[in-house]
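Dear colleague,

I am passing on the structure we spoke about, and I would be grateful if you could look through it alongside the notes in this message. Please open it first and then read on.

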Amino acid sequence: MSAEGGVQYSKIAEIKGPLVIVDDVSNAAFDELVEIETNEGERRLGKVLEVGNGKAIVQVFEGTTGLSISGTKAKFVGKVMEMPVSKEVLGRVFDGLGRPKDGLPDPIADKFIDINGEPMNPEQREYPKDFIQTGVSVIDGMITLVRGQKLPIFSGSGMSHNLVAAQIARQASVIGTQDDFAVVFAAIGVQYSEAEYFRRSLEESGALKRSVLFLNTADDPAIERIITPRVALTVAEYLAFELGMHVLVILTDMTNYAEALREISAAREEVPGRKGYPGYLYTDLSTIYERAGKLNGRKGSVTQVPILSMPSDDITHPIPDLTGYITEGQVVLGRDLFRQGVYPPVNILMSLSRLMKDGIGEGSTRADHGEISNQVYDAYSRAQEVRALAGIVGKAGLTEIDLKYMDVGDVFEKEFLTQATDENRTIEETLTILWKIVSKLPKNEITKIKDKFIDQYYQGK
Amino acid sequence: MTSNSSLEQAIDKILEKTEEEIVSDLKNSKTTSIQFLDDSLPKLEQEYDQIISNGKKEADKIEKQITGSSDLEARNKQLNIVEESIGKVFTKALEQIANAERSGDYSNLIKSLLEESTKILGTTEVIVFTNSKDRETVQSALSQFSGAELSSETIECLGGVKVKSKDGAMTFDNTLDARIERLKPLIRKDIATQFGVSN
């Protein structure tokens with residue numbers, strides 16, 4: 001940081017949507033931070049999107065409402081947007097641009113870091129294989145999250161994804177290590193009540209102490225949403241790779257981020273891609289998701305749980321579709337389960353954690369974890385088939401074993417899937433319930449578990 | 001007489017039989033009860049363990065809530081106190097800068113500020129603004145910058161200059177206030193370190 005400031009230009013050529021086009025500009029740089037000063041002396045932040053031919057296109061984060069061509073000034077600050085970071089950010093609440101929102105002063109910075117981050121060197125990446133306990137049975141038991149993984153939650157409008165997000169943020173922990181754990185929570189374009197719920201929920205559970213909150217509410221300018229995940233990840237990377245903490249980043253709702261990206265793209269008159277989203281949506285999303293991981297020789301890790309609500313519950317929509325290409329699995333919330341009042345309404349048949357196999361088993365969770373999980377997955381899948389069959393032939397037409405599978409399906413949903421929002425289950429408790437489900441079946445139906453585990457844990461007759 | 005004795009015998013027999021039945025029933029009930037108790041003992045133990053474990057969980061949760069919020073409250077108070085002290089140091093420092101003598105060193109500073117400003121704007125065809133106190137110093141330094149003029153208007157600042165291109169398109173704020181503002185985060189950190197606050 002230097003004392004040198006930037007030049008202020010007063011020739012505004014055009015204001016178009018969230019963009020301001022400044023004329024007669026020399027020496028501006030791509031991504032440079034710009035301070036826009038209104039007629040009334042109000043200051044807003046923006047960044048340079050394009051420079052050339054003496055013009056600079058500036059994207060104003062706080063929107064262009066109230067700006068006029070005459071009297072508006074643009075000061076090119078001479079640096080990119082930076083986030084001040086230090087350990088002091090823990091327990092703090094910021095807005096979507098990283099400014100304090102809790103009435104406390106700016107944190108005293110240890111460093112100022114470019115919010116765009118730097119892509120991780122693939123050669124330096126360490127394969128993620130350490131378990132994170134979320135306290136949510138269905139995730140820990142069957143879609144296990146590991147440190148350094150990026151595991152999105154695909155939800156739909158009105159479903160309980162925010163409750164799940166808050167519960168994970170409150171309960172998540174690393175077991176079997178004394179390493180520090182932190183949660184960075186970025187709310188993107190959420191309602192005020194939801195933002196308040198996240199803040200209060202972390203505060204009342206005592207988890208705020210180890211968390212950093214970034215709250216961009218629905219009434220904040222949409223363009224700010226482009227910045228929110230980036231400032232959150234900048235803080236996460238600092239905590240992980242400079243202070244050696246294991247950091248869980250929860251980003252909700254990434255659909256609002258993509259909407260903001262579409263708005264800017266439309267204002268720039270770019271050729272639209274699928275559903276009007278820019279053609280570079282995949283690349284842009286990857287600049288966020290790929291900031292998760294572990295680095296060789298560094299103690300900490302950044303784990304990401306982005307949450308996105310699928311418009312019309314459509315999993316082929318560009319946002320979940322492209323997200324799925326980048327991330328390592330997905331947790332899908334099901335509308336049917338939600339309607340039945342099941343919480344968390346996770347549809348395990350559509351969900352998957354690609355890194356689960358490396359994060360579970362002896363030494364991390366329990367030796368039988370993988371096999372019991374596979375057996376329950378198989379049994380629940382069969383239960384769904386039997387339910388469909390019962391819908392046609394009626395229960396009376398089912399065989400005895402079919403009825404047992406139906407029972408498995410019911411117990412799975414009522415006792416394993418269903419969990420109170422403040423219920424924090426240990427992995428041992430989760431595995432015990434999984435065995436209870438499997439024990440509903442006769443031993444000869446258990447084909448995916450070794451005999452020694454059946455002898456040890458099977459509770460059936 | 002005989003009929004009475006056989007009646008008594010019959011009654012005795014019935015009583016004996018009933019007694020035997022009652023004793024046997026009692027024995028059976030006792031065995032069943034013991035069996036029942038034996039069976040429910042592990043279940044009770046399990047439930048007892050569950051209650052204890054739930055209680056412990058709840059206690060841990062409450063402990064976390066209490067320690068978490070009190071730690072945060074204490075930290076927030078400390079932040080506010082540090083900030084207040086930093087504010088006081090700043091005010092004092094700004095006062096000293098405003099009242100500092102405009103000696104030879106200061107005219108050198110003004111020269112370098114003008115040099116920096118014209119270099120960044122890319123022209124010496126500029127109008128220079130300063131406060132009333134620094135007008136003379138700035139006027140004498142301007143002789144080295146052909147085309148540069150001192151504005152008749154003065155601005156409110158601690159010192160330094162604000163330079164505007166003559167066409168009005170570009171402005172460069174090189175006042176001491178602007179420079180301090182830009183460096184404020186670093187200065188705050190230095191002051192906090194002096195107070196013994198470190199990250």
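Below is what was found, taken by topic.

Please bear in mind throughout that this is a predicted model.

I begin with the contact between the two chains. Chain B contributes 32 residues to the contact and chain A contributes 34 residues, and the area buried between chain B and chain A comes to about 2,900 Å², with carbon and sulfur atoms giving 56% of that area. Four salt bridges are counted between chain B and chain A, and as an example of a salt bridge you may look at A:E429 and B:K57, whose closest N and O atoms are 2.8 Å apart. The interface of chain B and chain A also has 11 residue pairs in polar contact, both residues being at pLDDT 80 or more. On the side of chain B that touches chain A, at least two residues each are supplied by α1 (2-99), α2 (104-121), β4 (170-175) and α4 (176-194) of chain B, and α1(B) gives the most, with 15 residues. By class, the residues on that side of chain B are 13 nonpolar, eight polar and 11 charged.

Next come the domains of chain B. The assignment divides chain B into domain 1 (1-99) and domain 2 (102-194), and the centres of these two domains, taken over C-alpha atoms, are separated by 74 Å.

Chain A is assigned domain 1 (8-80), domain 2 (83-359) and domain 3 (369-457). The C-alpha centres of domain 1 and domain 2 of chain A are 30 Å apart, and 12 residues of domain 1 of chain A are in contact with 13 residues of domain 2 of chain A, while the area buried between them is about 1,200 Å², with 63% from carbon and sulfur atoms. In domain 1 of chain A, A:P18, A:F61 and A:E62 lose the most area to domain 2 of chain A, together 40% of what that side buries. Three salt bridges are counted between domain 1 and domain 2 of chain A, and A:E62 forms a salt bridge with A:R99, the closest N and O atoms being 3.0 Å apart.

Finally, there are eight aromatic pairs over all chains. The ring centres of A:F94 and A:F214 are 5.3 Å apart and their planes are at 20°, so this pair is stacked. Because A:F94 lies in strand β9 (residues 93-95) of chain A and A:F214 in strand β17 (residues 211-217) of chain A, the pair ties together parts that are 120 residues apart in sequence.

With best wishes

Notes
Residues are numbered from 1 along each chain as its sequence is written. Chains are lettered from A and ligands numbered from 1 in the order in which they are written. This is a predicted model: local features need pLDDT of at least 70, side-chain atom pairs count only at pLDDT 80 or more; totals for chains, interfaces and linings use all residues. Side-chain values use heavy atoms; hydrogens and water are left out. Domain bounds come from an automatic or database domain assignment. Rings of Phe, Tyr and Trp (its six-membered ring) pair if their centres lie within 6.5 Å; planes under 30 degrees apart count as stacked, over 60 as edge-to-face and the rest as tilted. Helices (H or I, at least four residues) and strands (E, at least two) are DSSP runs, numbered from the N terminus. Contact means heavy atoms within 4.5 Å. Buried area is the accessible area (1.4 Å probe) that two parts lose on being put together, summed over both. A salt bridge is a side-chain nitrogen of Lys or Arg within 4 Å of a carboxyl oxygen of Asp or Glu. A polar contact is a pair of N or O atoms within 3.5 Å; within protein, one must be able to donate a hydrogen and the other to accept it, and residues adjacent in sequence count only if both atoms are side-chain atoms. Ala, Val, Leu, Ile, Met, Phe, Trp, Tyr, Cys and Pro count as nonpolar, Asp, Glu, Lys and Arg as charged, and the others, Gly among them, as polar.
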